[in-house]
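Hello,

Here is the structure I promised to pass on to you. Have a look at it first, and then read my notes below.

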Amino acid sequence: MPDKTDEAIQRSVDYYNSSDTDNYYRRIWGGESIHVGIYDEPGIGIPEAARAAVTYLANRLDTLGPGSTVIDLGSGFGGPLRQLVTDYGCNGIALNASALELEEMAKTNQRAGLAEKIKPLEGNYEDIPLDDAQADIAWSQEAFLHCGDRAKLMREVFRILKPGGEFIFADPMATESAPVEVLQPMLDRANLVSFGTVAGYLADAKAAGFIDRGYVDRTEDFLTNYRTIVAETRDRHEELKQEISEAFLKKIGNGMQYWVDGGENGHMVWGCFHFVKPNGVGP
Ligand SMILES: C[S@@+](CC[C@H](N)C(=O)[O-])C[C@H]1O[C@@H](n2cnc3c(N)ncnc32)[C@H](O)[C@@H]1O
C-alpha cells in the first residue's frame, strides 16, 4: 500500500508527463509557466498576468539579487526561474518531479542562453536531493497542491535553506468549511490527493521553525485566471483538439469550471505566503 507521499508524487508525475497535459498547458499558458497570474493591469492576458505574478512575488523578497541562489520547487516549464535570473541576476535550481518538463526546460534555457545560470534537478520537494543550507530563497507557484505531506515539505524546505533564507510560495487551497463532496471533483481535475489550507500551511511552517512574514489573499486573481482559462478552453476547442484528446479537453474544461465555482462559493482560496528561516539556527 503506497503512503500518501508516494501516491501524490506518482499521480503528479503521471499527470505532467502526459502529452495531453503538456500540450494543453503550453498552449493555454504560452509555454513559459503554469500558474495563477496577477491581474492588476486591466485586460491583461494569461501569459502576461503569469509574468506579473513572478514580479509580484519577487517584490516581496528582501534578499533576491545577484549572487543569491533561488530554488524553484516544482519548476514546470522554467519560465519563472528564467524571468528571475534575467530580471534580478540570481542563480536558479529548478527542482521538478517531471523528467519530461525538466528535459524541455533545459532545451529552452539553452536557447535563451541561460543554461549556465539554471541547474535542472529531478526530485521530490518532500525529499529534496540537496545537502543542508544550500539555497538563499525557496520559491514555488502552484506546485504544492500536488503535495502528499505538507508538514514534511515545510521541514524539508527549512533544511535546505541557509539561516536567514526566505521562502515564498503561492498555492490554491481549500477553505476549512469546504465539504468533501464538493472538493473531490476539484481534486480530480489535476489528479490531486488533497488541498492545503491557509491555517494548515501557517501551522506546518511554524512547526518547522519558520518566522511568518504574512499571508496575502488574492483569490480574485485566481477567479479571473480560471474564468479566462475556461473561456479560452471553450473558444479554442477546434484548435486545441488538433493535438489534445477530446476526453482530456472535456475533463479539464469541466474541472476548471469546478475551480471557478469553488472560488465563487467560498470553498477555494488562493494567495501568497512569505516565511523566513531565523538567522543563527542550524538546518
Ligand atoms: C502547475 S505546475 C507549476 C509549474 C511552475 N511552478 C510554474 O509556476 O509555472 C506544477 C509543477 O509541480 C511539479 N511537481 C508536482 N509535484 C512535485 C513534487 N512532489 N516534487 C517536485 N515537483 C513537483 C510538476 O511536475 C509541475 O512542474
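Which residue in β8 does D217 stand opposite? D217 stands opposite G271.

Before we go on, please note that this is a predicted model, in which local features need pLDDT of at least 70, side-chain atom pairs count only at pLDDT 80 or more, and totals for chains, interfaces and linings use all residues. Residues are numbered from 1 along each chain as its sequence is written.

Let's begin with the whole protein. There are 11 helices and 8 strands in it; these are DSSP runs numbered from the N terminus, with at least four residues of H or I for a helix and at least two of E for a strand. The protein is as compact as a globular protein of 283 residues, because its radius of gyration is 18 Å, close to the 19 Å of the globule rule. That radius is taken over C-alpha atoms, and the rule is 2.2 Å times the number of residues to the power 0.38. The C-alpha trace spans about 55 × 45 × 45 Å along its principal axes.

Now back to strand β8 (residues 268-276). Two strands pair if DSSP finds at least two bridges between them. β8 pairs with β5 (residues 161-174) in the antiparallel sense over 9 bridges, and E166 has V276 as its bridge partner. Strand β6 (residues 211-212) also pairs with β8 in the antiparallel sense, over 2 bridges, with I211 opposite V276. Strand β7 (residues 216-217) pairs with β8 in the antiparallel sense over 2 bridges.

Next, the core. The largest nonpolar core has 73 residues, and I71 and A138 have the most contacts inside it. Such a core is a set of buried Ala, Val, Leu, Ile, Met, Phe, Trp, Tyr and Cys residues joined through C-beta atoms within 7 Å. Buried means that 20 or more other C-beta atoms, placed from the backbone, lie within 10 Å of a residue's own. β5 gives the largest share of this core, 7 residues.

Finally, the ligand. It is surrounded by 24 residues, the closest being S33, H35, G74, G76 and A143; a residue counts as near if its C-beta atom, placed from the backbone, lies within 6 Å. Two or more residues of this shell come from each of α1 (4-16), α4 (79-88) and β2 (91-96), and α1 gives the most, with 3 residues.

Enjoy exploring!

Notes
Buried ≥ 20, exposed ≤ 12 C-beta atoms within 10 Å, placed from the backbone.
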